[in-house]
Amino acid sequence: MEHFTIATVAEQSPDFRRVLFTGKHTQLVVMTIPPNGEIGEEVHEVDQILTFVSGVGQAIVSGKERKVAQGDLVVVPAGHKHNFLNTGPNPLVLYTVYGPPEHAEGAVHKTKEEADRLEEAGKDEPPQS
C-alpha cells in the first residue's frame, strides 16, 4: 500500500516535479513552482487534476483564467491547452494526478529547465502499459 500525507510531502519537496507513484492507469506527482515561475503552456493527451497546497497563482485552461490558492482544485481534460503561473512571493506548491501516467516512473526534475530538456530528449516518457 502506498500512503502519503500529501500536503506535507508536497510542501517538503523543493523539486519542480517529483513523481511519487505510477500505476497502470494513474500517476501522482508533486510540483513546486518558484515565485514568478510557471509550468509552461502545454497540452496533454491525458486528463489531469491539480490540487494546490500553498502559495497563490493563476490557472489558464482553454483560454479561461482563474486565481488559485491553497485548497483549490483544477481539472484539465485531455486535449486542453493549459498553464499555471506563480503570482505570489512564495513557492506555488501542488500535487497532480494524471490519468493515464504522463511522466517517467520515479522521475525527479529539480527545475523546469531540467524537466523541459528531458522531455525534449525523450527521457521523460511514461511506462508503456
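This passage describes the overall build of a predicted protein model and then a selection of its residues. Because the model is predicted, local features are reported only at pLDDT of at least 70 and side-chain atom pairs only at pLDDT 80 or more, whereas totals for chains, interfaces and linings use all residues. Residues are numbered from 1 along each chain as its sequence is written, and side-chain values rest on heavy atoms, with hydrogens and water left out.

The protein chain contains 2 helices and 9 strands, where helices (H or I, at least four residues) and strands (E, at least two) are DSSP runs numbered from the N terminus. Read from the N terminus, the order of these elements is α-β-β-β-β-β-β-β-β-β-α. The radius of gyration of the chain is 14 Å, close to the 14 Å that the globule rule gives for 129 residues, so the chain is as compact as a globular protein of that length; this radius is taken over C-alpha atoms, and the rule is 2.2 Å times the number of residues to the power 0.38. Along the principal axes, the C-alpha atoms fill a box of roughly 40 × 30 × 25 Å.

Of the 129 residues in the protein chain, 40% are buried, a term that means under 20% relative accessible area, while exposed means over 50% and partly exposed lies in between (1.4 Å probe, protein chains only). The accessible surface of the chain comes to about 7300 Å², and carbon and sulfur atoms account for 51% of that surface; such areas come from the Shrake-Rupley method with a 1.4 Å probe, and for residues only the protein chains shown count as cover. With contact defined as heavy atoms within 4.5 Å, 65% of the contacts between residues at least 6 apart in sequence join residues at least 24 apart.

Leu 92, in strand β8 (residues 92-99), counts as buried because its relative accessibility is 0%. Not counting residues up to four places away in sequence, Leu 92 touches Met 31, Thr 32, Ile 33, Phe 52, Ser 54, Gly 55, Val 56, Gly 57, Leu 85 and Asn 86. Between Leu 92 and Lys 81 there are 20 Å in space, C-alpha to C-alpha, although the two residues are 11 apart in sequence.

Side chains of opposite charge can pair when their charged atoms come close. Under the criterion of a side-chain nitrogen of Lys or Arg within 4 Å of a carboxyl oxygen of Asp or Glu, a search of the whole structure finds 6 salt bridges. One of them joins Lys 81 and Glu 41, with the closest N and O atoms 4.0 Å apart. This pair links distant parts of the chain, 40 residues apart, since Lys 81 is in the loop between β6 (73-76) and β7 (82-86) and Glu 41 is in the loop between β2 (27-33) and β3 (47-54). Lys 81 is partly exposed, with a relative accessible area of 44%, whereas Glu 41 is exposed at 59%.

A salt bridge also connects Arg 18 and Asp 15 (2.4 Å, N to O); Arg 18 is partly exposed, at 28% relative accessible area, while Asp 15 is buried, at 2%. In helix α2, Lys 112 and Asp 116 lie 4 residues apart, about one turn of the helix, and their side chains meet in a salt bridge of 2.7 Å, N to O. Glu 114 lies in helix α2 (residues 112-120) and is buried yet has no salt bridge, the nearest side chain of opposite charge being Arg 117, 4.7 Å away. Leaving aside neighbours within four places in sequence, Glu 114 is in contact with Val 108 and His 109.

Most residues other than glycine have a negative phi, and most peptide bonds are trans. The peptide bond from Gly 99 to Pro 100, however, is cis, with omega near -5°, and Pro 100 lies in the loop between β8 and β9 (108-109). Asn 36, in the loop between β2 and β3, has a positive phi of about 65° although it is not a glycine, and Asn 36 is exposed, with a relative accessible area of 74%. Ser 62, in the loop between β4 (56-61) and β5 (64-69), likewise has a positive phi, near 50°, and Ser 62 counts as partly exposed at 40% relative accessibility.

How values were computed. Lys and Arg count as positive and Asp and Glu as negative; His and the chain ends are not counted.
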